[in-house]
Amino acid sequence: MPASVVFDSLVRSIQVGSLYALMALGLTLTLAVVRLPNFAHAELITVGGYVALLSSLWLTHSLFVILGLAFIGSALVAWLMHRAVYRPLARRNLSTYGMLLASFSVGLILRYIIFLLVDRYGLFDKHIAVPVEIWYRTPDVILTNLFFWSVPTAVALMIVLSLVLRGTSLGRQMRALADNGILARVTGIPVDQVHDLTWLVVGGLAGVGGALWGMYTSLNPLTGWLTILSVFAASVLGGMTSFTGTILGAYVVSFSENLLMQWLNFRFGLDFTFKAAVPFVIIILVLLLRPAGLTGFAGSLRKLSRR
Amino acid sequence: MNIDYVATALALLTVFGISALMALSLNLEYGVAGVPNFGQAMFVSIGAYTAGVTYTRLLPWLGGRAGLDPCGDTLTKALALRTELTTLFPTVGFLNFGLTVLIALLLGGLAGYLASYAALRVWEEWYLGLILLVGSEVVRILAQGYPPLLCGSNGLSGIGQPFVWVHNATWSAALFALLALLLAGAAYLLCERLVRSPYGRLLKAIRENDRVTLGLGKPVQRRRAQVMAIGSAIAALSGVLFAVNLGFVSTNDYTVALTLDVWVMVVLGGVGNGRGALLGALIVTVLNRLTAIAAIALNAMGSQFEFNYVRYILFAAILLLMLRYRRQGLLPERARTTIAHDELRP
Amino acid sequence: MTDLLALHDVRKSFERLRAVNEVSLGVAAGQIVGLIGPNGSGKSTLFNVIAGGARADAGRIVFDGHDITAQPADEICRLGLARSYQDPALFFRMTVLDNMLLPAKGQRGEQPARAPWHGLWRRQEQALAAQANAQLNQVELRGHYARLASDLSGGQMKLLELGRSLMGQPKMLLLDEPTAGVAPKLARLIFEQIAGLRAAQGLTFLIIEHRLEVLFDFVDDIYVMSAGAVIAHGPPAAIAANAHVREIYFGD
C-alpha cells in the first residue's frame, strides 16, 4: 500500500480511536455503575455535537468554551433521562429487557426531536465552524489543528476520569457500586447521589466526544446512532466493565475500521460497504467467544463473580 | 381528498395479517419463552430474500424460460419476464409462491434454531438481545454487500403477489388480503394450542428460570431451540408476504425499525397473550396508516412538516408509557395453561 | 450394602477459595441423612456440585450406580436425584397446579410436534392432574391449585416445593433447608411428611438444616461440615455429644 494511504489511515485510526474511547468510557460507566445498557447514549453524543454547533454559530469561536458547553449540555440531558425515565422504571423493577426497550425509546424520541428541530432550522450536514489550520505537513501526511486538539483533549479527559475514579471519594463510591451494588447500598453509599453524578459525567464525556466528532466530520441527527455501534463494540471489548479495556477496545475498533479495512480492500478487494459490519462482527465475536473482553477481569471496575 | 375506501380497507387488512404474523412470532419467542428476539428483522428478511431469489431464479425455470441475470445488463429484461410470468400464468405463479413459502419456513426455522444457541453463551441476560440485534444488522449489511443476492442496495422489483393475474384490481387485492388473514389465523391457532399445552407450560418455566427448569430434568436448550424455530419460521412467512405485497425486495426495509415496530405490537397488545399480539398488530397497523394519511394531508396543505419523525416519537412514547404504567400490555397473559386446571375444579 | 449416593474426595474452588475440600460421604437407600454446619461451610455449594449446577474440580460422585460427576443437571434429575433450593425456586408467575405438573417426567405434550394436537396428550395430562391432586391434598394446598405461586405464604411455598419435587418420582431428594423461615409447628410437620415418605415409598433424603432440634429427631446419620470439609460424622446422639462440633457451632 502506498505510504500516504497508510499514514492517512493511521492518523484517522488514532483520531477516531481517541474519540471512540471518550464516548465508550461513558457507556462503560453506565453499564458498570448503573447497570443499564443505554442505547440512548448515541443521542447524548448527537446532542453534544449540536450544542457545539450552535455555540460555534451564535456564541464563540473559542474551542474551549464550545467543548465546555457541549459537556454541560449533554450532561444535563443525561441527567434528565435518568430522572424522568430510567429511575422511575428501575424503581418499579423493570426487567433488563424492559430497560433496553426503554433506552431505545428514549433514544428515538430524542433523535426525532433533533430531526424536527434540524429540519425546521436547516441545520443538516453542518461542520462545526472552527477554523481549520494545517499544523504539520509532509509529502505523506497532513495533520491539522483539529488532530492536535481532539486527540490530546480526549486523552486528557481519560486521564482526568481515571484520576477521579481512583482518587476521589466519588470515584471510590462509583467503583463500589460497580463491584457489588447490594453491598454498597447496605454500607451506606448515597446511591441516588452517585447515580446522578455518574449520569452527569457520562453525558459530559459523550457530549465532548460528539462535539469533537462534529469538527472532524459533518453533523446530522443520525451522527450518534452511526457511531454508537462502534462505541458499543469498544465497550464490549472492555468486557463492559474495564476502564483500560475500553480504551484499548476503542483503538482496536478504529484501527479495524480504518487501517484494517484499507488493507483488506487493497489486498482482497473487499468493498468499503463492509466497513459498517466491523463493529457488529467484533461485538458478536467477543460476546460469544470471550465475554470478559480484552483484559479479562484485570482492571475491572467490577469483579465478576458469576459462573 | 379522494380516498378509495375499499382499496384502503383491503390494504389495511393485508398489512394487519402480515403484522399479526410478526407479532405472533415475537409473542411466542419472547412473551411465552422469554427469548428477547431483538433480531426479528433478520428472520422476516430471510423470508423476503427467499422470495427475491425464487422470483428471479426459480420462477423463470418453472415457466420453462431461460433465467436471466436479474442484476446487471439484463435487468430490465429479467424484470419484464417476471412480470409476464406472474401476470399471465397463474399456475406457475402459485407454484412458485408455494415453494417460496415452504423454503422460507425451512430456512427461517433453521435460522431460529441456530440463533437460540447464542443463549448458551451469554454472561448477562440482555447480551442475548444485543447479539440478536447486532446479528440482524450484520446479516442485512452482508446481504446488501453481496450483489448476486439482491442486486446490492438497488433491490429487486417485480415480485408479484400470487393473485396479481386477476384482472380486477380490487378482487386481486381482496384475494391476497384473504390469504394473509387465513395464514395469520392459522398461526394464531397454532400458537394458542402450543401455549395451552405442557410444552407451553415448559416454555413459561424456562422463561422464568431456566437453571431451575434444567434442574427439574427438562432439556431446556432443545425446547428453546424448537420454539425459536417455530417462531422464526412464522416470521419468515410474514417476510414472504411482506415482500410480495410490496412487490419489491430491498435490504432497507428490514432494519432495526422493523424490529422495533414488532416490539411495540407485543408490548402494547399484551406480552404472552396471543390475542394481545393480534390487538397490538391491529393498533400499530392503524396508527401507521393514520400517520401516513396525516403526512400526505399535511404536505398537500403545503406544510413542510415531516410527519414521519412524529411517527417515531409517537411509537417510542407509547412504548415508554406502556413500560411505565402497564408493562403487561393491554391484554395481560393468562396464568393457567392446560386443561388440567379444569380437572381439579370442585 | 453400597450407598445410593456416594461422594469420594470431592473438591470445588472459586478463584482462591476452597469451598468444598476433599469431601467424602455416603447415603444408603432409604436413609434420612442430615448435613449441618455453620453458614459458609460449603453445604449449599456441595449440593450444587452434586446436582450438576456446578462442576467438581476433583473427586467422584456416584448415584445409583452411575458416575454423575460430569453429568449435566437435567440428566442427573432424570436418573432420579432431585433437589430443592434454599429460597423456594418455584415458578411464581405460574399457578400452583402448573408448578406441580411441570416436573412430571415423560410428558408427551412437551414435545412441540405433539403439543398442538391436544388429543395426543389429554389422557396423560388428566392422569397427572389426578396425581397432583393427591399430592396437593397431602400438603393441604389442594384448594389453592389455581392461585399463582407468588400468592402463597412462605410456609405454603415450602410445602409446595416439597410436593413438587415428588412429582418427578425421584429416588432421592437433596433438600436445602426445607424449614427455613417457617413456624416451628410447621417445621415439625414438614419433617413428619419426610419421614412418612421414607416409610411409604422408600425415598432417600440428604437434608441441609439449621433447625438442629427438629433434625436430630428424624435423621439416621449426620455429616458436619466446616470451612469446606467434613469434620464429623455419626448418629445424632454422637454428634450432639461431640465437643468439636459444639465449638464450631457455638464457639464454646
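Chain A and chain C do not touch, and their nearest C-alpha atoms are 8 Å apart.

The model is predicted: local features need pLDDT of at least 70, side-chain atom pairs count only at pLDDT 80 or more, and totals for chains, interfaces and linings use all residues. Residues are numbered from 1 along each chain as its sequence is written, while chains are lettered from A and ligands numbered from 1 in the order in which they are written.

Chain B has 14 helices and two strands. Helices (H or I, at least four residues) and strands (E, at least two) are DSSP runs, numbered from the N terminus. The radius of gyration of chain B is 21 Å, close to the 20 Å that the globule rule gives for 346 residues, so chain B is as compact as a globular protein of that length. That radius is taken over C-alpha atoms, and the rule is 2.2 Å times the number of residues to the power 0.38. The C-alpha trace of chain B spans about 65 × 50 × 40 Å along its principal axes. Of its 346 residues, 53% count as buried; a residue is buried if 20 or more other C-beta atoms lie within 10 Å of its own, exposed if 12 or fewer, and partly exposed in between, with C-beta atoms placed from the backbone. Among the contacts in chain B with a separation of 6 or more, 80% come from residues 24 or more positions apart.

Chain C is divided into domain 1 (1–80 + 170–252) and domain 2 (91–168), with bounds that come from an automatic or database domain assignment. The centres of the two domains of chain C, taken over C-alpha atoms, are separated by 27 Å. Twelve residues of domain 1 and seven residues of domain 2 of chain C take part in the contact. On the side of domain 1 of chain C that touches domain 2 of chain C, helix H2 (73–78) and helix H6 (184–201) of chain C are the elements that give two or more residues. H6(C) has the largest share of that side, three residues.

Chain C holds an open sheet of four strands in the order S2-S1-S4-S5, with antiparallel pairing; two strands pair if DSSP finds at least two bridges between them. Strand S2 (17–27) and strand S5 (66–67) of chain C are the edge strands, and each pairs on one side only. Seven bridges join the antiparallel strands S1(C) and S2(C), and C:Leu7 stands opposite C:Leu25 in S2(C). The hairpin of S1(C) and S2(C) has two residues between the strands, and in it C:Glu15 takes a positive phi near 50°. Strand S1 (residues 5–14) of chain C also pairs with strand S4 (residues 58–63) of chain C, in the antiparallel sense over five bridges. In S4(C), C:Arg60 is the bridge partner of C:His8, and C:Val62 is that of C:Ala6. Helix H1 (residues 43–51) of chain C lies across S1, S2 and S4 of chain C and runs at about 65° to S2(C). For such angles, axes are lines fitted to C-alpha atoms, for helices over the stretch in contact, and angles run from 0 to 180 degrees between N-to-C directions.

An open sheet of six strands in chain C has the order S6-S7-S8-S3-S9-S10 and mixed pairing. Strand S6 (81–83) and strand S10 (229–234) of chain C stand at the edges with a single partner strand each, so one side of each is left without a neighbour in the sheet. On average, neighbouring strands of this sheet are turned by 20° against each other, direction ignored. Strand S3 (residues 32–36) and strand S8 (residues 204–208) of chain C pair in the parallel sense over four bridges, and C:Leu35 stands opposite C:Ile208 in S8(C). H1(C) packs on this sheet, touching S3, S6, S7 (172–176), S8 and S9 (221–226) of chain C, and its direction makes about 150° with that of S7(C).

How values were computed
Two residues are in contact if their C-beta atoms, placed from the backbone, lie within 7 Å.
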